[in-house]
Every structure is written in C-alpha cells, then in structure tokens.
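Here's a quick briefing to read with the model open beside you.

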Amino acid sequence: MGTKSANLFWIVLPLFLAVPGLSWGESARNITAPASERQAELANLVRQDCGSCHGLHFEGGLGVPLTPAALKDKPAESLRDAILFGRSGTTMPPWKPFLTEDEASWIVHMLQKGLF
Amino acid sequence: MRYFLLIPLFHMLFALGGCASTVPQRGTGDLGVVIERATGSIQVVETTHRTSLGQITGLGDLSHASLNYSRDARYAYVFGRDGGLTKVDLLEMRIVKRVMQSGNSIGGAISQNGRLIAVANYTPGGIKVFDAETLDLVADIPAIDQSGKSSKVIGLVDVPGNRFVFSLFEAGEIWMADLRTPSKPVVTKFRNIGKEPYDAMITADGRYYLAGLFGEDGLALLDLWDMNAGVKRVLNGYGKGEQKLPVYKMPHLEGWAATGNELLVPAVGRHEVLVIDQNKWNEVGRIPVHGQPVFVVARPDNRQVWVNFAFPDNDTVQVIDVKSREIVKTLKPGKAVMHLEFTPRGEHIWLSARDENRVSIYDAETFIKLGELPAEKPSGIFFTHRAHRTGL
C-alpha cells in the first residue's frame, strides 16, 4: 500500500511541475530546498526573528499575519520579494543580506503551507 | 490510651507541615521570572543563590511577552502575544487565573495603587483594564482615531494618579486614560504627535513620557507636570539626510537609561546610542556601538549602561561608561541575546541568550561570568523590584 501511493506520487508530481501557473509547481521548479542543517537555521530565524514582529505562531503583531490563510491569495513571487527587499513605507526590512533567493522562496512555500 | 490520642495529633502536624512546604515561608524580593518564549512557559528564579525554583507552563504564545508585578511582589501578571493575561503566584508556583482578553497584545502596566492592570492591544487596538485581584474587566478603551480607524497601541505605562499613558501607532497620537474612577475613565488625547510611535517610556519619577518615532526622526515628549503645553517634538529631524539602516528588531524604550541629567536612548536604524540632555531636551552626544541597540539599560547606580543589539549583531553586549561615554567592555554571551536585567542593587546582571537556551549571569563590576541557568528559548527577564517602580 505504502509503495503503491509512493509510486503514484512520483507519477503525479511531474504533472504538477509541468503545469505553469500552479504556485507549487512554479516554486518547485525554481527553488532548491536548502540543506537540512540550513533548513533548521532558517526555521529558527523565521519563527524567532520574523516572529518578533509577526508573532511566534505568525498570527501577526506589528507585522501582518503570515498564516496560510492570510497568505493564500498572495503570489509567491511578491512575497519572496517582500522578504528579500522589504516593503517601503512599512517596518518590514530587506533580508537579502542574509538569504538567497531560493531560501526566500523556500520560506514563502513553507509559510503558505503552514509547515514552520 | 494516651498513645492512641497522640496519633491523630501527629497526622495533623504532618498535614500542617505539608501545607508549609507548598507555600514556602520566604520573601519575594530576590525572586524573578524568565520568559521561555517558544514553549509558553516561565521559570521562577532567585538571585541570591542564582538558581531556578521551578517552571510554570500553559501561558500561551509568549513571543514578545512582558509582565508587571503586584505591589506585594508575589504575583506576576504576564502579557502574552496571543492576548492572554495570566496571573501567576511566584510562591505557590502556579497560575492563579488566566483570561484571553484580546486577539493580539503587546504589553501592560499596573496602576499606582496596584488595583488595576491595563493591557495594550494590537487587535483590536486599544487598552483593556482589569481588576488586579480578580482579572474582571473594568474598562475598555478602543483606540479609534478621528477618522474611525483602529490603531495598534504601544508604549503603555502607568503614571502617578492611577492614570495610564499610551501611544497609537497608526494614528500618531498619545492618549492618557485617567482611571481614578475605574468605571468612568477620562481620556485626554494628544493628536499629531509624529509618525508611527513604536514604543515609549516614562522617566522613573513619572514626569516625562517619551515616545520614539519609527516613521520619522525624532521623539515625542509629554511633560505630565505641564499637560497644557501638549506634546513637544524633541530631537526633531535628527539625522536628516542620512541613510537609515534596515531595522531587524525594533528598539525597546522601556529600558531607556535615565542617568541623572542625561538620557541614553537607542537610535533607530543606526549603530549609535544617543545622549540627550534631560533639561534642554537636545542631543548632546552620540556613542558609536557594535550594532543597532535594542535595550539600553542603566546599572542601578547609573555609572554604566549595558546595551544589546538587533539581529544580526545580537550575539554581543557592550558596556558604556556614562562619565566618559566610552565603551569599556564588549562581551559575547552567546547567540541571540534578547534581554538584560540587573539585580535590584546592580551587583549582577542576567542576560538571556535565546538561541543558546540559557541565561548567563555576570558580575556587573568585574564582567566575570558567575554562572548560567538552562532555559528554553529565554527572552525577557524580570526581577521583582520592578513592583515598586513607576513605568515598570
């Protein structure tokens, strides 16, 4: 049973990746997930340091909420850019000195899926 | 026969002994609380032998948590990010009462007479005031500006006369709520005080309320001895034309160091501590430091000031000598130093290193490390002498 669904996963996955416009397909094609050690570092950064404005559980604070529901209709690219370049006129700073584009995209993906 | 009579007596003595051990006979003057932000727990600590007395869990989301103490310094009122207000008994080491009072809160204050707890809320914006004994709601003051918009409330402090002062982030206003009659709060509003006040402090004497502005350079000053003069702008246009650095963590102003005639405050978006003359309210100096300051805290004797920094420089703490305005020590206590707290008379300082999962204790004169305590993602450290200080 387990192997069967795993096989199915590998058959279905490329289909998603091939369809443009699907946000997960889009980001999956463009991003490389960081190495596991870096993932842990980034998860800590997001939860603790982003969390100081956005809340430890991303329910918002001085910054806007970052829950999957709050981010549902936001394009992944503009969220990635908000992380990298900040948002002028708000308190959101640019994180580009500390993150690669791929890492920012990965963070957006994880936030949108509620995986942090 | 006599022997049998004695047995129940022994039982009674044991029972009494049991009670005494759950509520230890001790003062609370050397107690404190360490916030464990990620696990929604706190540790009760004591500073005489530098030990942890125990952990209390179930306080909700404690990111950016702060607290006030009851006037007998036995109870802590903990304000959680999730809008939770929790009353904790430090001696019995248990939660006495917990209410969810809003969706999202940022801090609180206790009234001069100790009977009222005010909480500053983001969502919905405003303050709510509770009975300190029962945590029953006493007053609700929504932060709605003239255009009908709700603002996040920041920089809530108590001032003499059972009044509270706070600032509205979006509206750029400072409000004073007079709760001498708790059921009928009288609110005085000061408008156009500056763009985006992000935090505020009250001087230890309860006279000057100062709000830091994020949206522009400068500070908003309210003299409580001369309320008719309104809110003045001080250090206006400070740093004009200079490129600000991105701010990865908002400075906290609660710990602004008032050292007699001078006030040392963190500069927003700069690697500097500002020195302000407290009589003329102008800038008299800038001290270059290692990063963007977050907390600037004076040792109780005001001779030295300790500073921690925003990400990515938050592994460092510096000590400024107030007289010479020079940095006399740079320490690396560990990754992500969140907060610093002096013991009541300032012989020791406790530092929380969030990403090291520990609290480190230093001698505040020799800078020698005295020890450390394990803690789960520690942030704020609050000792009970705050119970008797205006604004804390």
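**Chain B overall**

In chain B, 60% of the 392 residues are buried, where buried means under 20% relative accessible area, exposed over 50% and partly exposed in between, using a 1.4 Å probe and protein chains only. This is a predicted model, so local features need pLDDT of at least 70 and side-chain atom pairs count only at pLDDT 80 or more, while totals for chains, interfaces and linings use all residues. Residues are numbered from 1 along each chain as its sequence is written, chains are lettered from A and ligands numbered from 1 in the order in which they are written, and side-chain values use heavy atoms, with hydrogens and water left out.

- Chain B has one helix and 32 strands; helices (H or I, at least four residues) and strands (E, at least two) are DSSP runs, numbered from the N terminus.
- The radius of gyration of chain B is 22 Å, close to the 21 Å from the globule rule for 392 residues, so it is as compact as a globular protein of that length. That radius is taken over C-alpha atoms, and the rule is 2.2 Å times the number of residues to the power 0.38.
- Along its principal axes, the C-alpha trace of chain B spans about 95 × 50 × 35 Å.
- Take the contacts in chain B between residues at least 6 apart in sequence: 42% of them join residues at least 24 apart. Contact here means heavy atoms within 4.5 Å.
- Chain B exposes about 16100 Å², with carbon and sulfur atoms supplying 51% of it; accessible areas come from the Shrake-Rupley method with a 1.4 Å probe, and for residues only the protein chains shown count as cover.

**A four-stranded sheet in chain B**

- Four strands of chain B make an open antiparallel sheet in the order β8-β9-β10-β11; two strands pair if DSSP finds at least two bridges between them.
- The edges are β8 (104-110) and β11 (137-142) of chain B, each pairing on one side only.
- β8(B) runs antiparallel to β9 (residues 116-123) of chain B, with six bridges joining them. B:Ser105 has B:Asn121 as its bridge partner in β9(B).
- Six bridges also tie β9(B) to β10(B), and a hairpin joins the two through two residues. Here B:Asn121 is partnered by B:Gly126 of β10(B).

**Chain A and its helix α3**

- Chain A comes to six helices and zero strands.
- Buried residues account for 39% of the 116 residues in chain A.
- Chain A exposes about 6700 Å², and carbon and sulfur atoms supply 62% of that.
- Helix α3 (residues 36-54) of chain A has a kink of about 25 degrees centred on A:Leu45; the bend at a residue is the angle between axes fitted to the seven residues ending there and the seven starting there.
- A:Leu45 is also among the buried residues of α3(A), which include A:Leu42, A:Val46 and A:Cys50. The buried residues of α3(A) pack against α6 (101-113) of chain A.
- Just after α3(A), A:Gly55 takes a positive phi of about 90 degrees.
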